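Work through the exercises below with the sequence and the model open. Each task is followed by a solution in steps.

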Amino acid sequence: MTQSLTIRRPDDWHLHLRDGAMMETVLPETARHFGRAIIMPNLVPPVVTGADAAAYRDRILAALPADMTFEPLMTLYMTEETDPEDVRRAAASGLVKAVKLYPAGATTNSSSGVRDFDRIRGVLEVMAEIGLPLCVHGEVTDAEIDIFDREAVFIDRVLDPIRRKTPGLRVVMEHITTAQAADYVKGGDESLAATITVQHLMLERNDMLVGGMRPHYYCLPILKRRDHRDALVALATSGFERTFLGTDSAPHPTHRKEAECCAAGAFTAPIALSCIAEVFEAQGALDKFEAFVSLNGPAFYGLPVSDETRTLTKGDTVDFPATLDAGDDTVTVFDPGVPLHWHVSA
Ligand SMILES: NC(=O)N[C@@H](CC(=O)O)C(=O)O
Ligand SMILES: [Zn+2]
Ligand SMILES: [Zn+2]
């Protein structure tokens with residue numbers, strides 16, 4: 001008997017599209033499956049103002065192949081100079097759906113991010129007032145803190161104090177990687193949610209480090225021990241409503257990944273849904289798959305669920321290219337290292 005699953009068209013609540021030739025390559029890979037995506041603003045220079053976001057949105061729509069439908073949900077990159085009134089206007093016009101907080105230095109293109117969290121109080125208060133979500137890259141950057149502990153320490157030292165000081169602020173903990181983060185989102189109220197990536201549901205740090213270093217598995221926050229991965233899988237497949245797929249598909253040119261100092265990020269968009277279906281099937285939780293990829297995200301963001309559908313059918317091993325051309329470069333497609341069987345069709 002063929003196994004198949006028809007669900008509302010999924011959305012991606014954390015996506016890097018980049019710009020220029022790279023965007024032209026990666027955008028169709030997302031738009032083929034996903035109806036909407038929260039577009040990360042960490043370009044160089046970053047997408048800081050409403051005007052920047054409007055211009056970036058126009059470039060995305062111009063790069064979208066004519067036979068595809070896709071709605072980019074724009075975000076602003078929080079700086080210590082962000083103008084609360086610009087944020088208010090950009091949200092009121094419907095252009096901007098969230099503001100992204102990067103601690104300065106925490107990840108790719110985060111040097112314009114925030115060093116002193118007291119300097120963004122005015123923006124956070126406006127966001128709490130108007131209900132605009134804050135998407136957070138949750139890692140401290142102190143050299144003293146071990147890279148594997150940076151998420152858990154961020155929750156205690158930065159995130160929890162911000163949430164206590166700003167009642168009503170809606171927060172999405174992006175790409176959570178630890179049992180501590182899973183517990184924190186579960187213990188939170190309806191103002192708190194979390195996204196989880198493909199790689200953090202499928203891999204543990206051994207997959208990246210044992211038998212040689214695999215640069216295409218290097219992303220931030222870094223992969224953690226197996227018990228953390230298991231906690232994320234348990235959360236995602238439990239049907240818990242305040243967690244949803246944010247692939248964090250983050251393309252870099254192959255030569256920047258396979259380098260002496262490897263760029264952080266995994267390009268998962270082409271196979272993200274097949275991977276997630278594999279994870280849910282292994283847990284006997286295919287009945288919770290639609291909630292995670294198509295229902296919980298719109299509910300948190302206050303947007304309608306898609307009225308289109310996608311069907312996943314279980315069959316032979318899914319073939320996918322090792323690399324895609326992107327201008328003069330290539331971009332390497334994430335390979336989870338296990339066969340995938342779920343084919344996504346329109
Ligand atoms: N996740 C990553 O490892 N990289 C992202 C940035 C981010 O989401 O932190 C990127 O922009 O490449
Ligand atoms: Zn991040
Ligand atoms: Zn990201």
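**Exercise 1: a pair of helices**

In this predicted model, α3 passes α4 in a right-handed crossing.

Task: Determine how α3 and α4 are oriented to each other, and list the residues that meet.

Solution. 
Step 1. Take the geometry: α3 covers residues 84–92 and α4 covers residues 121–130, and the two pack at an angle of about 25 degrees with axes 9 Å apart.
Step 2. Apply the cut-off: angles under 35 degrees count as roughly parallel, and α3 and α4 are therefore roughly parallel to each other.
Step 3. List the contacts: α3 contributes P84, V87, R88 and A91, which meet G122, V123, V126, M127 and I130 of α4.
Step 4. Sort these residues by class: 7 are nonpolar, 1 is polar and 1 is charged.

**Exercise 2: the ligand shell**

Task: State which residues surround ligand 1 and how they divide by class.

Solution. 
Step 1. The shell consists of H16, N42, T107, T108, N109, H137, C219, L220, D248, A250, A264 and G265.
Step 2. Of these, 4 are nonpolar, 7 polar and 1 charged.

**Exercise 3: the annotated span**

Task: Locate the annotated domain and give its helix and strand content.

Solution. 
Step 1. An unreviewed UniProt entry places "domain: Amidohydrolase-related" at residues 12–304.
Step 2. This span is 41% helix and 12% strand, and its end C-alpha atoms lie 14 Å apart.

Conventions
Residues numbered from 1 in each chain as written. Chains lettered and ligands numbered in written order. Predicted model: local features only at pLDDT ≥ 70, side-chain atom pairs only at ≥ 80, totals over all residues. UniProt positions renumbered as here; feature names shortened; annotations may be inferred. Helix = DSSP H or I, 4+ residues; strand = E, 2+ residues; numbered from the N terminus. Axes fitted to C-alpha atoms, helices over the stretch in contact; angles between N-to-C directions. Parallel < 35°, antiparallel > 145°, perpendicular 65-115°, else oblique. Left-handed = near helix turned anticlockwise from the far one by under 90°. Contact = placed C-beta atoms within 7 Å. Nonpolar A, V, L, I, M, F, W, Y, C, P; charged D, E, K, R; others polar. Near = placed C-beta within 6 Å.
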